[in-house]
Amino acid sequence: MKSYAAVDLGASSGRVMVGRVGPDSLELSEAHRFPNRPVRVPEGLRWDVLGLYAGVLDGLRAAGAQCGGRLDSVGIDSWAVDYGLLDADGALLGNPVHYRDSRTEGVAEKVWASVPAAELYAATGLQYAPFNTLYQLAAARGSAQLAYAKRLLLVPDLLTYWLTGEQGTELTNASTTQLIDPRTRDWSYDVASRLDVDLDLFAPLRQPGDFAGMLRGEVLEETGLSGPVPVTAVGSHDTASAVAAVPAERERFAYICTGTWSLAGLELNAPVLSEESRAANFTNELGLDGTVRYLRNIMGLWLLQECVRAWGDPDLGALLLDASKVPALRSVVDAGDAAFLAPGRMPERIAEACRASGQPVPASPAEITRCILDSLALAHRRAVAEAQRLADHPVDVVHVVGGGTRNALLCQLTADACGLPVVAGPTEAAALGNVLVQARTHGLVGDLADGRRLLTRTQPLTRYEPRGDAARWSEAEARLTRG
């Protein structure tokens, strides 16, 4: 048995999990969980990256306490696109900007003036999202921080650098910058040149499974760990790690990684770069073992999280029970609409969207919650159906992984909407995918399919069969289209 620490940072919380892996066993336990609270300062919305790093150190200390002071490896995954800038001495130049910050408003149009959107998609395969790293860099052009920067590190690479003193850019996360060619799995030098992006800012590319350095002596001392402890590059985009932990038994599957976002799509062997795919706003991000994560970003449980916050954090179980009693599909909204991206006033914005589309306006928390869950299931249906058509890749089952697996109502609604069985689990998919990559470096797990077979044997899974009238979902989808 080997013990691995998986540092898994989400947009609202971070956790350090301990994975114990043997030849035919995989156990995961939580060592430490901590909040991830962005901070609004005069210049905008920022990540508290120092607080996150402190949480990582506390988590490694707790993980070591569970494992007799010894870890066989550490891996880090996090959300995508955001970065820290370092000066010539390697010091951080300010707190990383949050992807929900407003600085990228209107920036995409300026980028497209140099590289039209269709050309940009054909070169990078990345969906339009206002917060893509490319647009963030365009927004930062002319700033003092970017002028003084000598290195750009994406968030998990920044934390790896602080742990090890070594700099690198892990590929699965780099593929979300809109500066990677998904065919060559290398930088898109033409796009960078045309947009005057200095690729020398980025550290050399790393692959999942690469050695990323050893924990520094100061880190060992602070965490109480016995050295040496290697750090392994994993699928450092949390979605890449989560997809690696989809417990699929065959290739004909779709996945939905649920949490603050819902990422719904397919695992492919090659990108889909057609104009039709661009118009449908599907993205081609890189996964493990040469795979492509062909998916669509959906606003996800962020909608409910923001409402719950506005309502003063009521009991979630009771709220979901009440929502299950509300008539289905009474009102729905487009869960992919960028209008819901920013924080604040979420219940009011959902009500306004329903009113604007001529639907009944949900008023109570239960009604708004049911509207959100129906809308998410509908968005899942649309993404899974369109991905199959655009990639010419039919599926027989939908795997739901991540935090949304705890929400039985959402899982059942997704099965009903898609008209396909849903297999829910594992909940901590990103951490498990993180652990599996580390275990591969020690020869305890083979290829991607071997890791998935191990997950199927060792992790609790729940199956939901579709029920109800599929025509009702088609009618609800038509309502949104008319709106």
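Me: Which residue with a positive phi follows H12?

Reply: Quick heads-up: this is a predicted model, where local features need pLDDT of at least 70, side-chain atom pairs count only at pLDDT 80 or more, and totals for chains, interfaces and linings use all residues. Residues are numbered from 1 along each chain as its sequence is written, and side-chain values use heavy atoms, leaving out hydrogens and water. Helices (DSSP runs of H or I, at least four residues) and strands (E, at least two) are numbered from the N terminus. After H12 comes a residue with phi near 85 degrees, and that's Gly 312.

Me: Which helices do the buried residues of H12 pack against?

Reply: H12 runs over residues 302-310, and its buried residues include Trp 302 and Leu 303. Buried means under 20% relative accessible area, exposed over 50%, partly exposed in between (1.4 Å probe, protein chains only). Their packing partners are H13 (316-324), H14 (346-356) and H15 (365-391).

Me: Is Leu 410 buried or exposed?

Reply: Leu 410 sits in helix H16, residues 408-418. Leaving aside residues up to four places away in sequence, Leu 410 touches Leu 301, Leu 373, Leu 376, Ala 377 and His 380; contact means heavy atoms within 4.5 Å. Because its relative accessibility is 3%, Leu 410 counts as buried.

Me: What is the relative accessible area of His 98?

Reply: You'll find His 98 in the loop between strand S7 (83-86) and helix H2 (107-114). Not counting residues up to four places away in sequence, His 98 touches Pro 38, Leu 45, Arg 46, Trp 47 and Asp 82. His 98 is buried, and its relative accessible area is 5%.
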